[in-house]
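Hi,

Here is the structure I promised to pass on. Have a look at it first, and my notes follow below.

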Amino acid sequence: MHNLDYFIHLSRVSMAYWGIVTVVLLIIFLVLFLREPRRLLNGTTFSIFVLALLAELALMIFSTGNLQFIFIMGVIFIILMVIILLILALAWVLLLWNAIVVWRRESHTMSNMLTLVLAFVLLIIWVANFFVADHSQFLPPWLNVFLSNIPLLGIYLSFAAFNFLISDWLYQFTPRRYRDDYLIVLGAGLIDGDKVSRLLGSRIDRAIAYSNKQIKTGRPAPKIIFSGGQGPDEKLSEASAMSKYAIDHGLDPEQVLLEDQSRNTYQNMTFSKKLILADHADEDYRVKFFSNNYHIFRAGLYARLAGLKANGIGSKTKFYFLPNALIREFIAVFLMHKKRHFILMSLILVVILGLTFFSMYNGMQPHFK
C-alpha cells in the first residue's frame, strides 16, 4: 500500500511538471501554425503536442489512485490500440474495397487507381513478411538481418505520410475573415474539352459563396481570378470555361479576371500574382485561393514558393474519392521535398547495409571453443 501511495504522489508531481511541458508545446504549435500554416512542420509540432497531452492524461488517470477507474481506462486503451493495429494490418483490404468503389463510380484512369496499386503493394509486403518469418531459419544470417531492417524505410515513409495527412487536415482550419481583395479559383480539366466538371464546379461555387458572404458583411466585392490555361485536348482555356460557368450562376462579370496561361498549380499562383500586381494599385492586398479540400495544402505550398501571401479554402469532395486524391497529393508533396527525403532514406539504407555487412563479417570469422 505504501508503494501505491508513493506511485500516486510521484504521478501527481510528474503531472504538474509535464503539464507545463504540454502547455509550452501547445504554444509552440499555435505560434508556428498561425504565423505560417503552409508548412509540414506544423504536422510535426502538433503530433508532438498530442503525444505530450496523452501522456499528461495518463498521469492524471494514475494520480486518481482509483484502481477500478485505472483498470477501465487501461482496458479502453488496449481495445483502441488493437483496433488501430488491426486497421493498419488490414489496410490493404480497406484500400482494395475503396478501389472497387472508385472503379464503379469514376473513370478508370491511373490517378483513380492509386488505392488499388497501394493495396497490392501492401498485400505483397504482408505475404512476404509471413513467408520470411516462416523460412527465416533457412536463410543466411546476414540476409535475415537485411530483411528484418528493410521495414525501417517503410516506417520512414509511413511517418512522412502521417505527417502530411496531419498537416493537410490542420490546413483546413485556416482563418476566414471575409475581407479579401482577390479570390483565385484553381483550374482543372474540362469535360469534352469545354464543360466544367462537378469537381471544378464545386470550387467555383465555393468562391462565389465566399464572395457573397463577404458582400453581406458590408465589405467590397472581391475580384475573382479564374486561373487555368488550355490543355491540348481542350477547346478553350479552363479560365474561360470557369468564368462562363460563374456568370451563368450569378456572378457579376465586373468581378471577373482571367489568367489563362498556367499549366500547373505553381503557375496558377505565379501568373495570378502577376495579374494582381498589374490590377492593384499597390502590394497591400489580401488573397484567398479555392480548390478541393484535399488539394489546398499542396496549393498553399506552391503559393508560398511563388511569394503569394494567400491561404486556401477547400470545397467538399466525395468521401470515397479522398483516399486516391490524398495518395496523389502525398506523392506530389513528397517529390517537392525529394532531396531531403533522399538524404534521410539514404542514411537509413546506409545503417541497414552497415548492420548487414557487420553480420556477414561476424559470420565469416572462425569461432573457437
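Let me start with a helix pair. The axes of α7 (residues 151-171) and α12 (residues 322-336) come within 10 Å and cross at roughly 110°, so the two helices are roughly perpendicular to each other (65 to 115 degrees counts as that). Axes here are lines fitted to C-alpha atoms, for helices over the stretch in contact, with angles from 0 to 180 degrees between N-to-C directions. Helices (H or I, at least four residues) and strands (E, at least two) are DSSP runs, numbered from the N terminus. On the α7 side the contact (heavy atoms within 4.5 Å) is made by L157, A160, A161, F164, L165 and D168, and on the α12 side by L326, E329, F330, V333 and F334. By class that gives nine nonpolar, no polar and two charged residues, where Ala, Val, Leu, Ile, Met, Phe, Trp, Tyr, Cys and Pro count as nonpolar, Asp, Glu, Lys and Arg as charged, and the others, Gly among them, as polar.

A caveat before going on: this is a predicted model, where local features need pLDDT of at least 70 and side-chain atom pairs count only at pLDDT 80 or more, while totals for chains, interfaces and linings use all residues. Residues are numbered from 1 along each chain as its sequence is written, and side-chain values use heavy atoms, with hydrogens and water left out.

Now the sheet. Its five strands form an open sheet in the order β3-β2-β1-β4-β5, with parallel pairing (a pair needs at least two DSSP bridges). β3 (256-259) and β5 (310-315) stand at the edges with a single partner strand each, so one side of each has no neighbour in the sheet. Ignoring direction, neighbouring strands are turned by 25° against each other on average. β4 (residues 287-292) and β5 pair in the parallel sense over six bridges, and F290 has I313 in β5 as its bridge partner.

Two helices lie across this sheet:

- α8 (198-216) lies across β1 (182-186), β2 (223-227), β4 and β5, at about 150° to β4.
- α9 (residues 238-248) lies across β1, β2 and β3, at about 160° to β3.

α8 also turns up in the lining of the second largest pocket, where α8 gives the most, with four residues. α10 (265-279) and α12 each supply at least two residues there. The lining divides into six nonpolar, 20 polar and 10 charged residues.

Cheers

Technical notes: Parallel < 35°, antiparallel > 145°, perpendicular 65-115°, else oblique.
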